[in-house]
Amino acid sequence: MKQVLDDKQRNALLKKMQDRYAVLHEEVRAGLAASDNEDYRKLAGEVADSGEEALADLLVDVRLAEIDRDLEEINDINAATARMRSGTYGICSDCGAPVPYARLQAYPTAKRCEPCQRRHERTFRTPGAPTL
Ligand SMILES: [Zn+2]
C-alpha cells in the first residue's frame, strides 16, 4: 500500500505525539506522586465513618482511572511511532486505505480511517472510551 504522507507531514505528526507523550508522562508522574502525598494518605487513613472511607476509596479509583487512561494513551503513541518505523503508519488497519492527513492531525494515533473506526466502535463499544 502506498504511503500517502510526505516526510514533513510525518515529522509534524511525530512531533505532535512526542509533545503529547511528554505531557502524559508528566501527568502520570504527578498522579503517582499525588496518590502518595501526605494529605491524601491522611484523608484515606483518618476517616472515621465508612461514608468518608468510601469517598477516599473513590478518589483513589478516580486517580487510578486517570493514570490508566494516560498509560493507555502512552501505549497508543508507542504503537503509532512503531507503525511509523515499520512503514504502516497512516494506513487503515481494517481496510488498508490511507487515513486522511486531516484525521491524523486530529488523532495522530488513529489506527483506522473514519468509516472503519465507526464500524469498529459499533462492534466493540466500550463505555466511556473516547470516540476517535
Ligand atoms: Zn478503513
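Modeller: Of the 132 residues in the chain, 13% are buried, a word kept for a residue with 20 or more other C-beta atoms within 10 Å of its own, while 12 or fewer make it exposed and a count in between partly exposed, with C-beta atoms placed from the backbone. This is a predicted model, in which local features need pLDDT of at least 70, side-chain atom pairs count only at pLDDT 80 or more, and totals for chains, interfaces and linings use all residues. Residues are numbered from 1 along each chain as its sequence is written.

Biologist: Why is Arg69 called partly exposed?

Modeller: Arg69 has 16 other C-beta atoms within 10 Å, and because that class lies between the limits of 12 or fewer and 20 or more, Arg69 is partly exposed. The place of Arg69 is in helix 3, residues 50-86.

Biologist: What makes Leu13, Ile91, Cys92, Val99, Leu104, Ala110 and Cys113 a nonpolar core?

Modeller: A nonpolar core is a set of buried Ala, Val, Leu, Ile, Met, Phe, Trp, Tyr and Cys residues joined through C-beta atoms within 7 Å, and these seven residues make up the largest one. Leaving aside residues up to four places away in sequence, Val99 touches Ile91, Cys92, Leu104, Ala110 and Cys113, and also Gly90; contact here means C-beta atoms, placed from the backbone, within 7 Å.

Biologist: How confident is the predictor in the chain, on average?

Modeller: The average pLDDT, the predictor's confidence in each residue from 0 to 100, is 85 for the chain, and 80% of the residues score at least 70.

Technical notes
Two residues are in contact if their C-beta atoms, placed from the backbone, lie within 7 Å. Helices (H or I, at least four residues) and strands (E, at least two) are DSSP runs, numbered from the N terminus.
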